[in-house]
Every structure is written in structure tokens, then in C-alpha cells.
Amino acid sequence: MGLEFRTGNYHQNIRIGKRTIKEGEAAAIWNMVGKQREIIGPARVWMFWSTIRFLDQHVASPQQYIIIQFKDGHSEHLNGPTLIYRNPVLHMSVTVCDAIQLLSSTDVLVVYRAAPDMPRSAGTGAGGLTRTRVTGPASYVPAPGEVVHSFLWSGKGEGGNVVKGANKFQILRTGPQRWALNIRVITADKASATVQVSPNTRHARHSPISCPIRCPATRIR
């Protein structure tokens with residue numbers, strides 16, 4: 001039995017014998033005709049012409065969740081704190097993910113969900129999606145089938161220049177923010193200058209997502 005907890009790396013063929021599955025362990029056992037059963041310890045199991053494989057344990061804290069992708073195509077999300085043993089007969093994959101933390105009422109997520117009442121497209125089977133907003137404070141766990149929108153915005157690169165796609169994020173912070181950018185401009189007489197712009201931004205929460213900008217200070221150098 002030993003003191004170490006066994007994982008999916010441990011597997012053996014057993015003609016006649018027994019194995020002790022400790023508390024905190026789980027194992028899948030196939031009999032001589034290939035039928036599988038899962039045993040969660042503590043247990044002592046006698047086997048005859050069998051194969052045993054111990055299972056990997058996946059643990060989610062209260063700020064995490066587990067995505068289980070089953071081999072029949074469906075998936076489940078388990079909120080933490082919880083644990084699950086990955087069974088190779090049932091599970092295609094088991095992944096532990098961090099919940100999305102919305103720390104204030106100005107933090108917003110854009111989430112797309114399947115609309116079951118909308119007709120599916122002929123030939124493709126694709127259904128419609130609805131878009132909704134999730135506001136904080138909250139610890140958000142997406143449900144199966146939900147997609148959290150990822151924003152891809154231009155941002156500040158090396159030297160303060162604008163770089164397309166430099167900012168990728170999911171949490172849209174609608175509170176007031178201030179940032180600085182260096183913009184290179186060329187005048188009509190071919191003179192070159194760098195303009196430093198420091199706009200204040202604030203996103204409207206109850207209207208289509210927008211970004212009104214006020215520029216209280218500019219500096220040419």
C-alpha cells in the first residue's frame with residue numbers, strides 16, 4: 001500500500017490478488033471481460049484476471065471551478081470547493097479554472113448564452129445567441145455553453161506608441177480611468193512632432209458599450 005498517494009501513473013495487470021485503495025485515492029478496475037468499475041477509497045478489493053489503474057485527483061478551491069468534458073460530448077461545470085477523480089472511461093478532460101473575480105460594481109462582463117427558443121439554422125444545426133451583462137461585485141463561473149467575450153483593444157506599446165491589439169481582457173472596467181499615449185504627427189510643412197495625450201475614459205453602463213474621451217492635457221515635444 002505504501003505512504004504515497006497513487007495517481008494515474010500507477011497501473012497493473014493482476015491475475016489473482018488484492019489492492020488497498022486508501023482514503024484520498026480512487027481507482028478504475030477492469031475485469032476479464034473488460035467491464036469497468038470505479039472504487040473510491042478507503043477500500044480493499046480482491047481481483048481475478050483484472051487491470052487496475054489509479055485515478056488523478058483534481059481539486060478546486062472556493063475561488064475556482066472544474067470543467068468536465070465527457071466522452072459523450074456534454075460538459076459540466078462544478079463550483080469549488082470540490083474535487084473529482086478523472087475516469088478515462090467517462091471523461092475526455094478535467095480542467096481546474098479560476099473563477100472570474102468582479103471586485104466592484106464598475107466591473108462588467110459580456111456573456112453570450114445559447115437561446116433555446118431561437119430556431120436552428122438549416123444544415124448547420126447552429127442556434128442563436130443572446131448577449132447579457134454581468135456586473136460585480138461577484139465571483140462569476142460560466143455555465144456550460146456560455147462564452148465570455150474577450151476585448152481586443154489598441155494599447156500602449158514600446159515608447160508609448162499605440163499598438164493595435166495590445167490589450168486583451170475580459171473584465172471591462174467602467175469606472176473613470178486615465179492613461180497616456182504618444183502620438184506621432186506630421187504637420188502640413190512636413191515638421192514631425194510627438195503629441196502626448198492623457199485622456200480620461202468612462203464607459204456608459206446602461207447604454208451600448210462606448211468610450212467617451214475627455215482630453216484635459218496634451219503636450220507637444
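**View 1. A nonpolar surface patch.** Patches here gather residues with over 30% relative accessible area and no salt bridge, with nonpolar side chains (Val, Leu, Ile, Met, Phe, Trp, Tyr) joined within 5 Å and like charges within 9 Å. A salt bridge means a side-chain nitrogen of Lys or Arg within 4 Å of a carboxyl oxygen of Asp or Glu, and areas are Shrake-Rupley with a 1.4 Å probe, only the protein chains shown counting as cover for residues. In this predicted model, local features need pLDDT of at least 70 and side-chain atom pairs 80 or more, while totals for chains, interfaces and linings use all residues. Numbering starts from 1 along each chain as its sequence is written, and side-chain values use heavy atoms, leaving out hydrogens and water. I16, M32, V33, F48 and W49 make a patch of about 620 Å².

**View 2. The open sheet around β1.** Strands are DSSP runs (E, at least two residues), numbered from the N terminus; two of them pair given at least two DSSP bridges. The order is β1-β4-β2-β3, with antiparallel pairing. Ten bridges tie β1 to β4 (residues 43-54), and G17 has M47 as its bridge partner in β4.

**View 3. Y10 meets F54.** Rings of Phe, Tyr and Trp (its six-membered ring) pair with centres within 6.5 Å; planes under 30 degrees apart are stacked, over 60 edge-to-face, the rest tilted. Y10 and F54 are edge-to-face, with centres 5.1 Å apart and planes at 85°. The two lie 44 residues apart, Y10 in the segment before β1 and F54 in β4.

Terms used. Helices (H or I, at least four residues) and strands (E, at least two) are DSSP runs, numbered from the N terminus.
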